[in-house]
Amino acid sequence: MILRFSALQSHRATPLKNIQHKQIRSLSRLGDSHFSTAAPAHNHSTSSDYRSWQASQNIDIQRVTQTAMVHELTQQQTRSIEKVVPWFLNTMPAPYFRQVPESFRLDHIKAISAIKDANMDMHMNLKTHLPDGRQVLTFIRPGTMPGLLLSMIKELPFTQRSTEYMPLSRVQIYSAEDDSMSLNMFVYGEEAKHLTETDVTLTGSHILQYAEQLMDGTLPPEDEFGRPNPTPKSIFSRDNLIKHMEKCSESYIIRSDPRRFLTQMELFEVVSGSDNVAVSIEDSYMDEHNEKHYWVDVALANTLPHFALEQTAHLLFLHGFDVMRAHLDNVQDGDNGNVTLLRMLVSPGNGAQGNDATFEVLKQELKRSKWLSPATMKLVYEKQPWLGIRRGEIITAMCTIMHPVMSKENSIVFSKGNILETVTKDRYVNHAAAIADLFLDRFNPKGPLSDAELEKRSADLRAVIDNEVEDTPAQELLFKMIDIIQHTLKTNVYMNNRYALGLRLDPKIMVSDHEAPRDSPYGIIFVHGRRFDGYHVRFRDIARGGLRLVTPASSEQFALEAAHQYDECYGLAFAQQLKNKDIPEGGSKAVVLVDSVGVSNSSKDFIMRKAVKGFADTILDLIVDTEETRREIVDFVGKKEVLYLGPDEQVIPEDINWVVKRAAQRGYGTPAAFMSSKPRAGINHKEYGVTSEGVNVYLDVALRHVLKKNPKEEPFTIKITGGPDGDVAGNELKILYREYGDNARVVGIADGTGCAEDPNGLNWEELLRLVHENLPIDHFDRSKLGEGGVVHKVDNETGVKARNNMHNRIQADAFLPAGGRPNTVNVHNYKQFLNLDGTPSAPLIVEGANLFVTDEARQLLFDEAGVIIVKDSSANKAGVITSSYEICAAMLLSEEEFFENKNQIVSEVLEKLHQYARLEAELLFREFENYGGSLPQLSKVVSGAVNSATDALASALETFSEEDKEKLLPLFRAHLPKTMADLSFDHVRERVPSQYITNAIASCLASKLVYKEGTKFVETLPKEKLAAVALRYLEAEHKVTLLRNALEGTDMPEEEKESILKLLEAGGARTAIGVF
């Protein structure tokens, strides 16, 4: 144990890291850098100097002097201890003596005696190292003023930003009954939990006995202190209690009062397996016999204990409650981590009222505090506490929504920080609060505002702001906040157990007057949560797209990402809409910006997993139709919304499993379909290389059309961004070697770790080794390089520069971006892709990665250097087709049915991917060669033709009779992998939403028309006639098939027969319906 104490002028708590800078004395048993103080550097006293007070010539005198001093000090300490012990025993509360081991109590008494003997303030920190590696920090402070606990918590050293992070596993807080001091113990490190049934039966015998009496009815309604005993429940059975105690630490079981243990067990059961918070508040009956004392019990699932303690202490302080005693314990919760159990004895002060209304607000705010953003906490805890959590959360959410729109007008004036600072200034915050109140009234489920009422109150607010706010930027921001209310169609703000704040927005709110017009999405969902903000953008009512996490490494990078987050999400969703042309779902994307700047790696992962949970659960709040949502959510959308997620950057299998499980718990109609790529019942994109299979088809067709090379017979060179351990790049390497062998020569490859280059082609054996061992390119064995080959690592400036410009420098037949950030090649740097003579470093680009090249750069590269670019929405669409098939499988098959037939289904899916990729690739180059123009524009034309035809057909199909729709079902069946259809299509009407079936028929028919007849055929047809023409086309196609079958059996020369069959195939159906 290390004891530190000091005489201080103030009772204010002092951070541990700063104590060494104050005048202190130190008594040490164990050395520790945080708690010991080095001698000043200028002090060079010798041993003789140190003993200069002694009679150096007389050993006897020295001995007598030392003995006398020891005797005097011993007597003095004895007198001090004789005074301290009775006082300590009388003033410390009884639970302290029940719950704190004797060895610690003796240390506390000795420490207090020493400081009282030195006539110093009661201000000290003790640190004890336990044999199992845990550390106990004890803070002793004079007095028991409100906020003292909170100040101590902020001093604690092992926060999530600490590189030496240790979990907070136990807390015990005590106040002396004469208010002379507080004594708080914080235990860091996990206590070993290897308790067997026998162990807990002995350790928890007092709890088991109490529960047995409770269950058999032999306990009276109240205990000896007048506290009501719990109601008997099945969870208190002996077997259930033993199972629960096996999850607990031994110390928690030993020192728990049986009634308290059962109360906390009830709260544990409420939150177990979730990320929820449960709160219980009751009068205190024990010890104090004072009705103004209350016990607050909180159970927080899967949280950081330090954060839970700080947030709870902060809220209690803001509500005017002083914490007199407190306990924190963690109980294991399986795969869900731990449940943190907090129990605090509080007393109202500063005008606080201990009544039902106060406690109801406190309960709701304690539940919300776990998910509040740091900006919201700062606003409502420090800057403007009168706002309250709900209004503060609305204000910070609106500020975040405004940022990407307003920053296009002036990125400095309307930076994220400036926006929040402006609307929460003392001069303007009342207006912001009034806007938040209007938002709450609009969506109050007990009586929401009508459109007319909203319009009137909005106009009144605008008039007040116009009159009272002279600052133009502030006025613009406040007006924009009112606009947000008018463009919000749905929110979960009144849901009691929500994880984050979600708003279903009309996309018009995100349009800026300072940007060029662009296509409007179908819908936007914004989510504002704890250390994250997320957008979900979709371009059709039923939509699917990936969820990605963005985790900037620095504050500066975070600010840049925040300004561009919505535009990135929009761009990715639009690209998804273009590539989703062959499937029933429209395009969507979710981008979640996570603030993990400065935290430890373990804490960063924890924050990321929380962000996925908070975002996905909020999406579910806004799309599920349950009794809870009907009761607590006001819906101005007016129709059921269906969307599906998929994994993207930094989303892991653990996230996918949680999201699917949560969708089932929340009542989503087809939970297994809510997120694709499930580990067991999904088609893992990386394992099967689905995206790369499609990319390679486009590469093959492009090489033949652009370079006039048959890659099966002639060598070609290629450069790639994206490492061998990546999904698209790694699988593309395998496919290149599988399809072309040594004809494929990879002359350069770059990823986040560096780049490898070889003008003669990198060694295939070494590349495939990296792929199979899941290693990045900096692990390339240099001994396998040819003449002129090199490996650059990013551990030096030269390596970073080489990696960053590899895709521009290296000469190749084709460039395949299969990894990298969006907009890497843009209007400002596209010329770097060109050689000094203006020719491109690669005449062909096939975009395996999304948005690697911007639209403007694509066109400029084509116009100035003739670069042929196969756009991402065409080249990498195979991944989204696979995910769509996963959604179909989740709706049509049980998990067991899918798993038993997985190999066959995956094989058929890969065939479908090749088919769809080749159909579009051949159409693209056919129209490019016939009509000219740039290939990226043609790619958009193809996607636009299919999507517009799909939308027109879907609208028309809504007017069809069920009988007519039934005739078209074979289109959907033909779209599915054969095994999947054979197993389940008889039940398609029961298992698949009708709107999904309609979209599936429409998209299948639309893609058939465009791929077969070309874009011009569809574009020239009036939309109102498209459905009728499409039906006639199907009938004609059927007749052509019959003719083909009849012709196959005729006796005529094979050459003539083949020519006729080709003519029928090429234009038979179109000729039959007379549309040219």
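Guide: Start with contacts: a contact means heavy atoms within 4.5 Å. In this predicted model, residues 24 or more positions apart account for 73% of the protein's contacts with a separation of 6 or more.

Visitor: What are the overall dimensions and the secondary structure?

Guide: The C-alpha trace spans about 130 × 75 × 70 Å along its principal axes. The protein has 42 helices and 24 strands, and 56% of its 1076 residues are buried.

Visitor: How do I read a sheet, and in what order do the seven strands of the open sheet lie?

Guide: Strands of a sheet pair through backbone hydrogen bonds, either parallel or antiparallel. Here the order is β11-β12-β13-β14-β16-β15-β17, with mixed pairing. β11 (488–491) and β17 (642–647) are at the edges with a single partner strand each, so one side of each has no neighbour in the sheet. From one strand to the next, the twist averages 20°.

Visitor: In which sense do β15 and β16 pair?

Guide: β15 (residues 542–550) and β16 (residues 586–594) pair in the parallel sense, over six bridges. Arginine 548 has valine 591 in β16 as its bridge partner.

Visitor: And the nonpolar core: which residues touch the most other members?

Guide: In the largest core, of 149 residues, they are Phe674, Ile720, Leu736 and Val746. Helix α34 (residues 902–931) supplies the largest share, twelve residues. A second, separate core has 107 residues, including Leu156 and Phe443.

Visitor: What does valine 746 touch beyond four places away in sequence?

Guide: Among its contacts there are Ile718, Ile720, Leu733, Leu736, Asp758 and Trp764.

Notes: Residues numbered from 1 in each chain as written. Predicted model: local features only at pLDDT ≥ 70, side-chain atom pairs only at ≥ 80, totals over all residues. Heavy atoms only, no water. Pairing = 2+ DSSP bridges. Helix = DSSP H or I, 4+ residues; strand = E, 2+ residues; numbered from the N terminus. Axes fitted to C-alpha atoms, helices over the stretch in contact; angles between N-to-C directions. Core = buried A, V, L, I, M, F, W, Y, C linked by side-chain atoms within 4.5 Å. Buried < 20%, exposed > 50% of the residue type's maximum accessible area, 1.4 Å probe, protein only.
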